[in-house]
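Please walk me through this structure in plain terms.

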Amino acid sequence: MPTLFPLPENHSKRFLLHNEVHARASVILELPVRASHLALMVNPEEKKQDFAHLLTLCERFGITPPTPDANHFMATFGDFQLLWEQHSEFVTYTFFVNLNTSQPFAEPALKKAPVDWMAKLPGQLMVASHAEIIPANQLNNLDEISALFSGNALVGAEVSGGAASAYTDFRIHADGFSHFLIINKHLKKAQAGRLIQRLFEIEVYRVMALLAFPIARQLTPVLIKSDQQLRTITAAMAEEDSDDSRLLDELTRLAAEIENHISSNDYRFGAASAYYNLVVRRIQDLREVRIQGLQTFSEFMNRRLEPAIGTCQSTIKRFMRLSERISNAGELLRTRVDISIERQNQALLKSMNTHAKMQLKLQSTVEGLSIIAITSYVVGLIGSIAQAMKSAGWQINPSIAVGVSIPVVLVVVALGVRRIHKVIQKIDD
């Protein structure tokens with residue numbers, strides 16, 4: 001009996017994460033075997049429909065269905081075994097039948113599945129493949145094997161440490177399926193299941209990786225045109241009489257277009273690299289040994305798939321570099337526009353300063369005239385008062401009174417105006 005220790009509370013996802021490595025167990029196959037594989041692209045809504053469609057098959061055969069959160073399920077349905085897997089962008093169905101006939105691919109495993117149920121599978125078909133594992137004594141030479149692939153150039157190698165040899169031509173045949181032939185030398189049951197899964201995954205991930213290639217080809221003219229536009233803008237920036245505001249508007253529009261292309265296609269290009277890496281890893285898992293006269297799986301992919309993936313990676317890198325160049329040109333142009341605006345502001349401030357000085361001089365002139373006018377008015381009043389006092393019998397000379405009052409009044413008025421200026425300045429401060 002195991003000893004139980006007082007441990008802290010389990011993390012809510014401890015067992016889920018621990019069991020994740022066992023979520024997709026290897027398929028145990030009875031040999032010889034035939035298999036058919038379907039990969040269907042699905043959107044989120046079609047994923048729900050796909051799961052519901054799987055449940056109808058389980059109900060039809062009386063099979064315990066998978067749990068709602070399952071993304072992997074395997075069971076035996078009458079005459080065939082079904083492996084269902086749900087991925088981020090696609091779902092796969094693999095049908096296995098323990099059947100061997102004299103003619104490979106004559107009776108595919110898919111024939112055992114219900115036709116009416118197959119016709120209602122949601123999603124769009126991306127990959128359809130048949131595979132067979134046959135005994136080593138069933139075919140004698142490469143000519144017989146080549147005849148099964150319509151005489152097409154074969155790709156093949158000894159795999160699984162020499163336990164089998166695998167062949168294909170990576171073509172879609174008249175039945176709408178690609179074909180994989182595995183000749184069993186001394187494969188074990190689990191080994192056979194892993195080998196078939198790897199071959200099917202190579203085919204699926206190869207096609208999924210190539211989804212980005214048509215996009216890369218479509219974007220190449222856009223990339224060339226955008227690069228020319230950037231060169232035109234930067235050439236115009238070098239001219240002395242360039243309209244920086246107009247160039248900045250054009251550069252901003254170009255930057256928006258490039259960023260839109262990057263954001264719209266970044267996921268697809270990133271997925272292409274991820275799928276390609278999976279293809280490389282699955283081929284490495286085959287542990288290939290060359291068969292004289294045939295291309296190995298790795299050689300075929302290096303010559304046919306790697307250039308396409310290289311084009312995709314080059315396209316997104318060119319877009320990223322173009323975005324950086326546009327950003328650098330934009331910073332330079334904005335700096336020029338800022339300097340131009342600063343110069344305009346300096347000129348405006350200088351003009352305002354000159355205007356203020358002129359206003360100050362004019363104000364000083366007006367203030368001087370105001371002091372003289374006030375003094376003249378006050379002195380006139382004093383003269384009138386002195387004249388009235390003389391008429392009243394006072395011994396006073398109006399002219400002398402006016403003459404004496406002029407400097408006194410002038411000083412008093414000047415001091416009064418200065419006092420008023422100080423009061424106003426204090427209020428402003």
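E299 and R290 are joined by a salt bridge, with their closest N and O atoms 2.0 Å apart. The model is a predicted one, and this distance, like the others below, is computed from it. R290 has a relative accessibility of 45%. That value lies between the limits of 20% for buried and 50% for exposed, so R290 counts as partly exposed.

This pair is one case among several: a search of the whole structure finds 11 salt bridges. Another of them brings together the side chains of D116 and R60, at 3.1 Å from N to O. Here the two partners come from distant parts of the chain, 56 residues apart. D116 belongs to helix α3, which covers residues 115-119, while R60 sits in helix α2, residues 44-61.

D227 pairs with R231, and their closest N and O atoms are 2.4 Å apart. Both residues are in helix α6, which spans residues 212-237. Because they are 4 residues apart in that helix, about one helical turn separates them. R231, at 44%, is partly exposed. The pair also has a link to R325: D227, R231 and R325 together form a network of salt bridges.

The largest nonpolar core has 43 residues, and I182, I196 and F297 are the members that touch the most others in it. Helix α5, residues 189-209, supplies the largest share of this core, with 11 residues.

What does I182 touch, leaving aside residues up to four places away in sequence? Its contacts include E132, I133 and I134, and also A164, S165 and A166. L187, L195, I196 and L199 complete the list. One of these contacts, I196, is itself named with I182 among the members of the core that touch the most others.

Key:
Residues are numbered from 1 along each chain as its sequence is written. This is a predicted model: local features need pLDDT of at least 70, side-chain atom pairs count only at pLDDT 80 or more; totals for chains, interfaces and linings use all residues. Side-chain values use heavy atoms; hydrogens and water are left out. A nonpolar core is a set of buried Ala, Val, Leu, Ile, Met, Phe, Trp, Tyr and Cys residues joined through side-chain atoms within 4.5 Å. Buried means under 20% relative accessible area, exposed over 50%, partly exposed in between (1.4 Å probe, protein chains only). Helices (H or I, at least four residues) and strands (E, at least two) are DSSP runs, numbered from the N terminus. Contact means heavy atoms within 4.5 Å. A salt bridge is a side-chain nitrogen of Lys or Arg within 4 Å of a carboxyl oxygen of Asp or Glu.
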